[in-house]
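Biologist: I would like to learn how to read this structure, one feature at a time. Please give me the general idea and then the case at hand.

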Amino acid sequence: QVQLVESGGGLVQPGGSLRLSCTTSGRPVSNYYMAWFRQASGKEREFVGYIGWSDTNTWYADFAQGRFTISRDNAKNTVYLQMDRLSPEDTAIYYCATGSTVASWDYWGQGTQVIVSS
């Protein structure tokens, strides 16, 4: 059984940073695409980015490019989302997901809330 558990969300001031974690069991993060999504209240879920088998195989949405970084610790079977220079527009529930391709995400975590506010 594959399970993903996100953590690290919380309240942060504009301009601040947070690092989210996605600890996975039942599937090695090194062998699958691992992605982050987010959904703000009243809005559709949007893609943040993903990391592939190679650590250099990453992709980010325009809003995340240059501010967010996805990384992976294979020994801990955990994927991270480092978020810098946060703004109130980044307030959302952040979800991690895993899949065999970038077009199909098989399993999802329960999400972690990020609130950017002064």
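Biologist: Does Phe68 count as buried or exposed?

Modeller: Buried means under 20% relative accessible area, exposed over 50%, and partly exposed in between, with a 1.4 Å probe and protein chains only. Phe68 has 2% relative accessibility, so Phe68 counts as buried. Note that this is a predicted model: local features need pLDDT of at least 70, side-chain atom pairs count only at pLDDT 80 or more, and totals for chains, interfaces and linings use all residues. Residues are numbered from 1 along each chain as its sequence is written, and side-chain values use heavy atoms, with hydrogens and water left out.

Biologist: Which residues does Phe68 touch?

Modeller: Contact means heavy atoms within 4.5 Å. Residues up to four places away in sequence not counted, the contacts of Phe68 include Arg38, Val48, Phe63, Leu81, Met83 and Tyr94.

Biologist: Which residues touch the most other members of the largest nonpolar core?

Modeller: A nonpolar core is a set of buried Ala, Val, Leu, Ile, Met, Phe, Trp, Tyr and Cys residues joined through side-chain atoms within 4.5 Å. The largest one has 24 residues, and those touching the most other members are Trp36, Phe68, Val79, Leu81, Met83 and Tyr94. Among the elements that give two or more residues to this core are β3, β7 and β8 (78-83). Strands here are DSSP runs (E, at least two residues), numbered from the N terminus. A second, separate core of six residues includes Tyr33, Ala35, Phe37 and Trp105.

Biologist: How many aromatic pairs does the structure hold?

Modeller: A pair of aromatic rings is described by the distance of the centres and the angle of the planes. Rings of Phe, Tyr and Trp (its six-membered ring) pair if their centres lie within 6.5 Å; planes under 30 degrees apart count as stacked, over 60 as edge-to-face and the rest as tilted. The structure holds ten such pairs. In one of them, the ring centres of Phe37 and Trp105 are 6.0 Å apart and the planes stand at 80 degrees, so this pair is edge-to-face. Phe37 belongs to strand β4 (residues 33-39) and Trp105 to the loop between β9 (92-99) and β10 (107-108), so the pair ties together parts 68 residues apart in sequence. Both Phe37 and Trp105 are buried. Phe63 and Phe68 have ring centres 6.3 Å apart and planes at 85 degrees, so they too form an edge-to-face pair. Phe63, at 24% relative accessibility, counts as partly exposed.

Biologist: Which residues do ring pairs link into a cluster?

Modeller: The cluster holds Tyr33, Phe37, Phe47, Tyr50, Trp53, Trp59, Trp105 and Trp108. Of these, Trp53 sits in the loop between β5 and β6 (58-60). Its relative accessibility is 47%, so Trp53 counts as partly exposed.

Biologist: In what order do the strands of the open sheet lie?

Modeller: Strands of a sheet pair through backbone hydrogen bonds, either parallel or antiparallel. Two strands count as paired if DSSP finds at least two bridges between them. The open sheet of four strands has the order β1-β3-β8-β7, with antiparallel pairing. At its edges are β1 (3-7) and β7 (68-73), each pairing on one side only. Five bridges join β1 to strand β3 (residues 18-25), and the bridge partner of Ser7 in β3 is Ser21.

Biologist: Where does Thr24 lie?

Modeller: Thr24 lies in strand β3. With a relative accessible area of 6%, Thr24 is buried.
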